[in-house]
Amino acid sequence: MDTLLKTHNKLQFLHPIHGFADKVSTFTSSKPQTLEPKYSKKTHIKLNKDFCLKASSSALLELVPETKKENLEFDLPLYDPSKGIVVDLVIVGGGPAGLAVAQQVSAAGLSVCSIDPSPKLIWPNNYGVWVDEFEAMDLLDCLDTTWSGAMVYINENSTKDLDRPYGRVNRKQLKSKMMQKCISNGVKFHQAKVVKVIHEEYKSLVMCNDGVTLQASVVLDATGFSRCLVEYDKPYNPGYQVAYGILAEVEEHPFDVNKMVFMDWRDSHLDSNKELQERNKKIPTFLYAMPFSSKRIFLEETSLVARPGLNMKEIQERMAARLNHLGIKVKSIEEDEYCVIPMGGPLPVLPQRVVGIGGTAGMVHPSTGYMVARTLAAAPIVARAIVEYLGSDRGVLGNELSARVWKDLWPIERRRQREFFCFGMDILLKLDLDSTRSFFDAFFNLEPRYWHGFLSSRLFLPELLLFGLSLFSHASNPIRLEIMAKGTLPLVNMVNNLLQDKE
């Protein structure tokens, strides 16, 4: 699914990414975490022709290659601090969200500087998207593989064949396309980390760890989940989506290469390990798979949402058992990834001086973990607002300008939508394996406009209420009773929050 945060070295889940100084918290769970695996994007280990790995979590980790970072071949136009000019927009973070805003604001003729410690580095994340989402943004050329549809395995006896094309984002192509547009539009780049921002009445001072201070009319935080620039004033207690994935060469696999596997909730691979099976019944995980050929496949074991997040070693053990059961023998691993995605939790303070986008602005889908398509679709909204208010003759600057941009990013209909998604997350947090299966059996039996719209954040509150009623009518009696029992308090909280949220 959307792989938003790639972690390594003892599972840091607030990774210092995209231009902000290190602020790291260590992932905690009921078991001590001692693994220190490494990941890579291009190098890979090839095993002897006659040897294939019978999967175990430790054996899989032994195949993971050494880290090798890949950079784009660009001559970047650099920011010149000696000029001392006030830049219209400083963007902290060079991920998809930050570059998308940079290219669109600069296209309108405003001055933009992007700050990132590794501006040429190809993003390490794997992004999976529905093809129609990228088609709507004219980004089909940034998908390296597409599948005609997706499969959902509810259990050993029930499957869903989803007639909705799916694709994997070509990270190098997407970043190259964005960087080329930024460069041609005159965007400047500064390779550093931001350590502090001081706000004056009509401008902000952005201080970097190399001693350079930039002056900006607007500061945009696109740093992901660090939450260092954008401020929050409520307790932060999200759910966590946790996953471990490998891109591997295998002897063979049982999946149709024309379909990706969106969710595989089967648990027969745990029949021989009752202890592991019991833990999976309480907090289930599923397999997400993208088959590129009969011998090359991306495999990811995922905990949809839990609080606290599921232990990574537990996920690796479940994945190893699943691969053995499916007869998937790994010959080599090109790359692996550790993903921890905070879901739900409060929105940041609205409004505030620093503008945000992406994870730092609370834009992760609280029920699914999806964000990339939603964030890229929101980039034009943020860009248009900045251009309109900053480029106007009305003298909209400082706090007033930021407040207007935040209002355009989080209008009340989007806030209400997110509140409903958080309600969905709160229910999913309480479901065991059997109930989760029943939930998704009903979910994917809905009219496509409902489940498409829910997953792609296209439904707003009136439609979401109809979605909820339709889901309830499609559900079995046991899951209806469970939703009523476990969803009553979340429903009350949602209604209360909706009533308190005013324009």
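**Aromatic rings in the model**

Biologist: Is Tyr-338 buried or exposed?

Modeller: Tyr-338 is buried, at 1% relative accessible area. Buried means under 20%, exposed over 50% and partly exposed in between, using a 1.4 Å probe and protein chains only. Keep in mind that this is a predicted model, where local features need pLDDT of at least 70 and side-chain atom pairs count only at pLDDT 80 or more, while totals for chains, interfaces and linings use all residues. Residues are numbered from 1 along each chain as its sequence is written, and side-chain values use heavy atoms, leaving out hydrogens and water.

Biologist: Okay! How many aromatic pairs does the whole structure have?

Modeller: There are 26. Phe, Tyr and Trp (six-membered ring) pair if their ring centres lie within 6.5 Å; planes under 30 degrees apart are stacked, over 60 edge-to-face, the rest tilted.

Biologist: Why is the Tyr-244 and Tyr-338 pair called edge-to-face?

Modeller: Because their planes are at 65 degrees, with the centres 4.9 Å apart. The pair links distant parts of the chain, 94 residues apart: Tyr-244 is in strand E13 and Tyr-338 in strand E17. Strands (E, at least two residues) and helices (H or I, at least four) are DSSP runs numbered from the N terminus. Tyr-244 is buried too, also with 1%.

Biologist: What about Trp-265 and Phe-286?

Modeller: That pair is tilted, 4.8 Å centre to centre with 50 degrees between the planes. Trp-265 lies in the loop between strand E14 and helix H5 and Phe-286 in strand E15, so the pair ties together parts 21 residues apart in sequence. Both residues are buried.

Biologist: Switching topic: which ring does the charged end of Arg-449 sit over?

Modeller: The ring of Tyr-450, 4.3 Å from its centre. That needs NZ of Lys or CZ of Arg within 6 Å of the ring centre and within 35 degrees of the ring normal.
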